[in-house]
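Hi,

My notes on what turned up are below it.

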Amino acid sequence: VGSEMCIRDSAGIPDQQEDDPMKKQLILGLTLLLMVAIALGTYFFVDHYQNQKDAEESEKSAALQLTTFNSNDIIKLDLHTPELDYTVEPNDSAEWEAINAADIRINTYYITALCTYGATLTASEDLGPADEETKKSDGLDDPIAITYYTDSAQDTIYIGNQTATKEYFYVMKKGDDHIYLVSSDSAGYLAITKEQLRYRYILQDKDSNICKLSLSHGDDLAYQLEKADSAWIMTEPLQNTVAVDSSQVSSLVTTLIQLQIDDFGAQDVREADYAKYNLDKNCYVFQITQENGDVTTLRFEDYDPLVSSYINCLNEETGEIWRFDSSYVTFLQGKTTTYLLKTVCKVGIDEISAMSIQYNGSYNDRTLSIDTTFGVDYENKKYTCNGTDISTYGDAALTAFQDMFSQVSSLTYTEIQLDSDLPENGTPSLTITYTLKDGTTRIVELVKRDDTTYWARVDGVYTRTIVRQNALSGSGKMLEKYSELMTVISSSAS
């Protein structure tokens, strides 16, 4: 019997071993299923939590968004501070104007900024509901109020005090009893003052062309410039004897059109009050005349441009004090020569049919006598010297002629003498005669002043400009270029 039991037990061993792998697979499958269930549960929990968190953040962000409208849709604003009440609307020229007040011209660019920053105003923090005491301490009991109107809606924002750190303003909105903190970077533009609302350009009509400019410092007139037939000329202290640098004047005109007042001061200032503002002596007086008849006379205090940051200015027509950053009014340092060309008489080679040069003087420590006439046909690039075609002397001669003409036509002066006595009948040492295409002439003469300088005379009128000898005989100047041309012609002819 014992042997039979052993035999039966031995026969049962393989069946038990066969069941073990199946159990292991079952356990593994259940484990994997459990892990998947846990993972899915975790995912759905995290996803739900994140969605809930995002919803809360979105709700919080929405609560901090105080305004949401397009700034271009704003058609009207009501502006209130403890000192002012204005309603502004755009006029037919799309410029903002106060429709309920005649005492102010509105700064269109500032209203545009109010619209831009007010249209999407976002708070940084919600401080919660306000009580009357909190409103008073935060400057919201009688705040700045801005009401924005569009065709379909309106919103009112209230601006209170700035925080102690200057980082934020206390802000409320109509229909909401909470107080919010809004960054000074945006709310600062909404803290309205009358000065900010005011038109800040010095010219009331920027579209009317400027036709006359003058500057004096104390008793000295620096210049008076006038526009004649679309070209600028100097009428004082020189009477159109030297050509004006039009590009320089155009730059000045642009500066004046764009110039803005930095700050507004006292009004109704009389001459008896000038001393209070350093406007009683040695002042700069700058006057602008426009084609519409407007005249703007600005009296600036005397100042050192290297020291003074801001300077006082009186608008003599309105009697109001303005203040300017001195770096924006550097044109006050202009002199008589600032807006003049540095040439004695600028004539283009394309304007003439002939040019003659007569000179009796020194060059390179020897006496030089010149009496030469050049014919000019610029369109066909044909030039003659005393009747002979310069091209017959070769390309070098043509180049030498063009170089010489460049120096002759750009003869420069070094200074202007306004008070010196002029010679009555000075004999010229140099005469340059330009024959223009219409047959008229322009004659430039240099009359000896001393051993090193000349008075310049154009068409018989002294220009009061002084030309130095080195402008004639210096390296690369007209006498050297003339000599080079004659050397080329002589070499080619021989």
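Let me start with β24, where both faces are covered: Thr453, Trp455 and Arg457 on one side, and Tyr454, Ala456 and Val458 on the other, are all buried. Bear in mind that this is a predicted model. Counted over the whole strand (residues 453-458), six of six residues are buried.

Strand β23 (residues 441-448) runs antiparallel to β24 and is joined to it by five bridges, with Lys448 partnered by Tyr454. Four residues lie between β23 and β24 in their hairpin. Strand β25 (residues 461-468) is also antiparallel to β24, again through five bridges, and there Val458 stands opposite Val461. That hairpin has two residues between the strands, and Asp459 takes a positive phi near 50°.

Elsewhere, there's an open sheet of eight strands with antiparallel pairing, in the order β3-β2-β1-β5-β6-β7-β8-β4. β3 (96-98) and β4 (125-129) are its edge strands, each pairing on one side only. From one strand to the next, the twist averages 25°. Helix α2 (residues 108-119) packs on this sheet, touching β1, β2, β3 and β5, and its direction makes about 95° with that of β1.

Last one: Val36, Leu40, Tyr43 and Phe44 make a nonpolar surface patch of about 430 Å². Val36 sits in helix α1 (residues 2-64) and is partly exposed, at 45% relative accessible area.

Cheers

Notes:
Residues numbered from 1 in each chain as written. Predicted model: local features only at pLDDT ≥ 70, side-chain atom pairs only at ≥ 80, totals over all residues. Heavy atoms only, no water. Patch = residues over 30% accessible without salt bridge, like charges linked within 9 Å, V, L, I, M, F, W, Y side chains within 5 Å. Areas by Shrake-Rupley, 256 points an atom, 1.4 Å probe, with all protein chains shown as cover. Salt bridge = Lys/Arg side-chain N within 4 Å of Asp/Glu carboxyl O. Buried < 20%, exposed > 50% of the residue type's maximum accessible area, 1.4 Å probe, protein only. Pairing = 2+ DSSP bridges. Axes fitted to C-alpha atoms, helices over the stretch in contact; angles between N-to-C directions. Contact = heavy atoms within 4.5 Å.
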